Every structure is written in structure tokens, then in C-alpha cells.
Amino acid sequence: MEKERTSGEIERPDTSAPILPVVNPALEKTEPPSAAFHPAVYIATWITLSSSVILFNKWILDTAKFHYPIFLTTWHLFFATLMTQMLARFTGVLDSRKKVPMTGKIYLRAIVPIGVFFSLSLICGNLTYLYLSVAFIQMLKATTPVAVLLATWGLGVAPPNMRTLFNVSFIVLGVVIASFGEIKFVLIGFLFQLGGIVFEAIRLVMVQRLLSSAEFKMDPLVSLYYFAPACTIMNGLVALLVEVPRMEMADLARVGYFVLLANALIAFLLNVSVVFLIGRTSSLVLTLSGVLKDILLVGASMLIFRDPVSPLQGFGYTIALGGLIYYKLGSDKLKEYFANGGRAWADYGVRHPALRKVIVFGVVIVVLFVVLGGLAPRLPDAYTEYPKSKLGALLGEKGA
């Protein structure tokens with residue numbers, strides 16, 4: 001009888017049946033790479049740089065008496081052109097530009113017209129700093145989404161929608177109230193800012209139309225790589241005709257060459273930070289970060305430049321910001337976020353009841369302080385000069 005061999009025999013699987021993978025390939029492929037920093041770092045960096053550029057420009061053009069806004073805009077664009085060319089040549093940061101089928105004909109027909117409106121918006125925006133406060137400028141900028149909406153309708157990018165128009169009407173109402181409450185209202189500055197908003201809206205719609213094609217997808221830094229050279233030439237020609245003939249080297253020396261270099265560097269780093277901010281955060285975070293930045297800028301303007309803000313302005317700006325958030329996020333998203341926030345707040349109250357009461361009490365005290373402080377009558381100068389003089393002497397103001 002022949003002996004059967006059983007050792008070493010294993011049952012072979014049926015190859016006709018599908019084999020289940022050990023690791024889910026969908027999850028393995030879609031898992032996002034871990035960020036180098038927490039998203040809060042990118043948000044704080046963007047808010048800091050964006051606010052710094054605005055306050056820096058205001059200081060140079062108004063406080064330092066460098067009344068050449070077109071030249072300053074040209075200098076920013078020239079520096080951006082130089083930096084983007086260096087990044088493209090020596091780094092891989094702008095390698096995505098190679099996917100854009102850019103030709104000379106496309107550049108003249110698409111990039112140059114957008115560059116014209118980009119230049120006009122920058123020139124008008126910098127001219128505004130000569131006439132209006134930073135606080136009021138930020139309030140007026142809240143109408144940019146309204147201008148973009150009207151531009152999309154006017155250029156045929158989207159059909160008119162009366163419901164959307166009603167939603168943005170709260171932004172307009174708030175800005176109108178804030179304008180009536182502006183103490184240092186200057187009509188020419190208001191018109192310059194209005195022109196800058198209109199030009200910026202048209203530029204954004206033209207960029208939207210350009211980027212609607214998949215082959216022309218560009219991040220803000222690549223866009224700057226293409227737009228900055230054209231804008232530098234256009235702004236430079238205007239500056240040569242309008243401002244350079246009356247400029248002197250003493251004007252540049254008074255501001256300081258290092259100050260101008262730092263100003264251009266911060267403006268360029270702002271564009272770099274936008275790229276990282278978009279890639280690391282959501283649309284909600286972008287919207288709320290912009291609102292927080294505007295509020296901080298209004299406060300910084302009051303603190304640094306002593307810009308007065310009336311209670312009526314604060315009321316109008318609050319309406320405008322509320323309308324802006326509602327327009328950007330929509331009612332459904334807001335309801336969802338409020339519901340999630342309510343559940344989180346209730347859960348926090350269960351875990352820390354005493355601390356929750358302290359927070360509520362503190363918020364009520366701050367609100368009452370702000371409201372009563374805004375409604376209270378101003379003290380006569382005779383009552384305020386004495387403590388000011390004593391405080392100045394204590395801080396060494398007289399010695400300085």
C-alpha cells in the first residue's frame with residue numbers, strides 16, 4: 001500500500017474569487033498629508049501680514065508725508081516681479097506654472113486686461129490713504145462682495161438673482177450707516193475708494209472667467225508671477241508722467257530705503273501666506289479670518305493713528321459684517337454652525353458649570369461697558385488735560 005504524503009500540503013485559495021485587501025486603498029490614497037504647522041499659525045500669519053501692509057502703507061503715505069502712492073504701488077509690483085522670477089528660476093515653488101499653456105497671444109488678450117484693472121485698483125486704493133482713515137476704508141471695503149456680485153451680472157458670468165441681491169442689501173445698509181457716522185468724511189477719498197472697489201470687482205470677475213478653464217488653474221503666487229510684470233510697466237508709465245517729475249531723492253531718503261524695502265517685502269510675503277492659507281483651511285475659516293482682520297484693523301487704526309470712530313459707525317459696521325457673513329456662508333451653513341456651537345457650549349456647561357457662569361458674566365460686563373461708554377457724553381477738555389499731562393510726565397513725554 002502506497003503511503004500518502006500529507007505533510008507540506010496546504011490548501012490553495014480559489015484565485016477566481018476576489019481577494020480582500022488588508023488596507024483600504026481609498027483611505028490610503030485620500031489621507032491628507034500632515035501639515036507642518038497648526039492651521040492657526042497660517043491664519044495668524046495672514047492676518048498679521050495683511051494688517052501690517054495696510055497700516056504700513058498708511059504710515060508711509062500719510063504720516064511720513066510720502067505723497068506718491070502710484071510710485072509706491074509700482075515699487076511693490078517691481079519687487080514682486082523680481083521675487084517671483086527668482087523663485088521660478090531657483091526653486092520649485094512656482095513649478096505649477098508649467099502646466100499653464102501661456103503664450104504671447106493669450107498673455108496680451110487675457111493677462112494684460114486683468115493687469116490694467118489690477119493696477120487701477122491698487123492705485124485708487126493707495127490714493128485713498130491720503131484722505132480717509134484706515135478704519136473707514138475697511139468699512140467701505142465690506143461692500144466688495146456686492147460689487148463683485150453686480151460685476152458678475154453685468155459681465156454675463158451669472159444670471160441676476162433677486163434673493164441674492166436682498167441678502168447683500170444688509171451689507172450696503174450697514175456701510176451707508178457707517179458712512180453717515182464718519183467724522184472725517186472726505187468726498188474725493190470716498191470716490192477713490194469706490195473706484196478701487198469697482199476696479200477690483202471687475203478684476204476678480206475677469207480672473208474667475210479665466211480660471212473657469214481647467215488648464216488655467218493658478219494659485220495666487222503663480223497669478224502674481226504673470227500679472228506683476230505687466231502691472232509694473234503700466235504703473236511705472238503712469239508714475240513717470242504724474243509723480244516722478246515732482247519727486248526728489250530727499251523724499252526717498254526721508255522715508256528711508258530700508259523702510260521701503262521692508263514695506264515691499266511684507267507686501268510680497270502676504271501673497272505667499274495666501275497660498276498656504278488657502279491650502280490649509282476651509283472657506284468658513286477664510287471668511288471669519290477676513291472679518292476678524294477687519295475688526296482688528298479698525299481697532300489698530302483707532303489706537304495707532306487716533307482715528308475717531310463714532311457709535312453710529314460701529315453700529316453700521318456691525319450690520320455690514322453680519323450681512324457679509326450671512327452672504328458668504330448662507331443661512332443653512334449658519335444654522336448648522338450655530339447648532340454645533342450650541343451643543344458644544346451646553347457640553348462645556350455640563351463639564352465646567354462655574355467657569356461657564358464666569359464667562360457669561362464677563363461678556364455681559366464688557367458689552368455694558370462698551371455700550372454705556374459709547375452713549376456717555378464726552379468730558380470737557382479741562383477735565384481730561386490734567387490726567388493726560390500727568391501721565392505724559394510719568395512716561396517721560398516731556399523729556400522726549
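## Ala230 in helix H9

Let's start with a single residue. Ala230 sits in helix H9, in what is a predicted model. Is Ala230 buried or exposed? Its relative accessible area is 10%, and because the cut-off for a buried residue is under 20%, Ala230 counts as buried.

Pro113 is 117 residues away from Ala230 in sequence, yet the C-alpha atoms of the two are 9.4 Å apart in space.

## H9 against H11

Staying with H9, we can look at its packing with another helix. H9 covers residues 220-242 and H11 covers residues 257-280; the two pack at an angle of about 145°, and their axes are 8 Å apart. On the H9 side, the contact is made by Pro220, Leu221 and Leu224. On the H11 side, the residues are Phe268, Asn271, Val272, Val274, Val275 and Ile278. Sorted by class, this contact of H9 with H11 has eight nonpolar residues, one polar residue and no charged ones.

## A closer look at H11

H11 is worth a visit of its own. With 24 residues, H11 spans 35 Å from its first C-alpha to its last, which is close to the 34 Å expected at 1.5 Å a residue.

Which residues of H11 are buried? They are Leu260, Asn263, Ala264, Ala267, Phe268, Leu270, Val272, Ser273 and Leu277. Among them, Phe268 and Val272 also take part in the contact with H9.

## H2 against H3

Here is another helix pair to find in the structure. The axes of H2 (residues 39-63) and H3 (residues 69-90) come within 11 Å and cross at roughly 140°. The handedness of the H2 and H3 crossing is right-handed.

Where do H2 and H3 meet? H2 contributes Asn57, Ile60 and Leu61, while H3 brings Pro69, Leu72 and His76. By class, the contact between H2 and H3 holds four nonpolar and two polar residues, with no charged residues.

## The chain as a whole

Stepping back, how many helices and strands does the chain have? There are 16 helices and zero strands. The chain has 400 residues, and 37% of them count as buried.

Note on methods: Residues are numbered from 1 along each chain as its sequence is written. This is a predicted model: local features need pLDDT of at least 70, side-chain atom pairs count only at pLDDT 80 or more; totals for chains, interfaces and linings use all residues. Side-chain values use heavy atoms; hydrogens and water are left out. Axes are lines fitted to C-alpha atoms, for helices over the stretch in contact, and angles run from 0 to 180 degrees between N-to-C directions. Helices (H or I, at least four residues) and strands (E, at least two) are DSSP runs, numbered from the N terminus. A crossing is left-handed if the near helix is turned anticlockwise from the far one by less than a right angle, and right-handed if clockwise. Contact means heavy atoms within 4.5 Å. Ala, Val, Leu, Ile, Met, Phe, Trp, Tyr, Cys and Pro count as nonpolar, Asp, Glu, Lys and Arg as charged, and the others, Gly among them, as polar. Buried means under 20% relative accessible area, exposed over 50%, partly exposed in between (1.4 Å probe, protein chains only). The expected span of a helix is 1.5 Å times one less than its number of residues.
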